[in-house]
Amino acid sequence: MKTALVTGGSRGIGSAIALGLGKNFHVVVGYANSEDKANDVVQEIVAAGGSASTVQIDISNAESVDTAFSTVEKEYNSVDVLINNAGITQDNILPRMKEAEWLEVIQTNLTGSFYTSQRAIKLMMKNKWGRIIFISSVVGLSGNQGQANYAASKAGLIGLAKSISKEMGSRNITSNVVAPGYIETDMTSFLDDENKENIIEQLSIKRIGKPEDISNVVSFLCSEESEYITGQVIPVDGGLTT
Ligand code: NDP
């Protein structure tokens, strides 16, 4: 059975992705702090007849990434699928943005995915098969007020994914981006009912997204059926960006 590592698999979109992949892969649920929640995700996958385990991986730290990959490699021989899902926000308008806010978001969201992807690709090259999915954001395509750091990090992921697709296509390694719109998770829990109504007004499909809306697309991009799709950005946003 192939192995899939989901960074930030403990909560929100990442846990939905882990549950979706649990039908076809051994899933390694990555967590930085939420060990209990990661264990709950493992139990849910196992209860549904799948196979899963956890690993601690702080993607902002190269040493933590290396240790986590070594652990998974030792136990399961490979990482065939990498879901670069973990991400953070530290919002501020640019005139007030502190250098630390800029650096921390870039380090986690962009450099973190560089660490994980570089490490995973070495294993995928050996096996001549791999799937890498980056969870970017629609704001990586459009920009957003108060999110220059986050939007830049998410736009950066698109360049990273497209470059990997060109370098690795000949080895059966695909690299694609999913760009969610507004999805109901802890990250968007600050939105009150009025904010949500305003967002829904802008959408073609009149509801806020669910983590499963993202995981369904990710599962397809990890399947054999998607082998001819690489270097693409797929917005999953209820029509926000049309
Ligand atoms: P949540 O805030 O609900 O969860 C964030 C996840 O990232 C947690 O599992 C957390 O793990 C993990 N994480 C945070 N920092 C690190 C780190 N340094 N190393 C490893 N893991 C880390 O976020 P969402 O589920 O909402 O978002 C998931 C992804 O989707 C993010 O990349 C986000 O930018 C993107 N996205 C979300 C949208 C939304 O509307 N929700 C819209 C567009 C994009 P732990 O709890 O263990 O610390």
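Trainee: By class, how many nonpolar, polar and charged residues does the shell around the ligand have?

Mentor: The model is predicted, with local features needing pLDDT of at least 70 and side-chain atom pairs pLDDT 80 or more, while totals for chains, interfaces and linings use all residues. Residues are numbered from 1 along each chain, and side-chain values use heavy atoms, without hydrogens and water. The shell has 13 nonpolar, 14 polar and four charged residues (Ala, Val, Leu, Ile, Met, Phe, Trp, Tyr, Cys and Pro are nonpolar; Asp, Glu, Lys and Arg charged; the others, Gly among them, polar).

Trainee: Which residues are the closest to the ligand?

Mentor: A residue is near if one of its heavy atoms lies within 4 Å. Of the 31 residues around the ligand, the closest are Ser34, Asn85, Tyr150, Lys154 and Thr185.

Trainee: Which side chain atoms lie 2.5 Å from an oxygen atom of the ligand?

Mentor: A polar contact pairs N or O atoms within 3.5 Å. An N or O atom in the side chain of Ser34 is 2.5 Å from a ligand oxygen, and a polar side-chain atom of Thr185 lies 2.5 Å from a ligand oxygen. For Ala32, a backbone N or O atom lies 2.8 Å from an oxygen of the ligand.

Trainee: How much of the ligand does the protein bury?

Mentor: Accessible areas use the Shrake-Rupley method with a 1.4 Å probe. Alone, the ligand exposes 900 Å², of which the protein buries 93%.

Trainee: Which elements give two or more residues to the shell around the ligand?

Mentor: Elements are DSSP runs (helices, H or I, at least four residues; strands, E, at least two), numbered from the N terminus. Here they are H1 and H6.

Conventions
A polar contact is a pair of N or O atoms within 3.5 Å; within protein, one must be able to donate a hydrogen and the other to accept it, and residues adjacent in sequence count only if both atoms are side-chain atoms.
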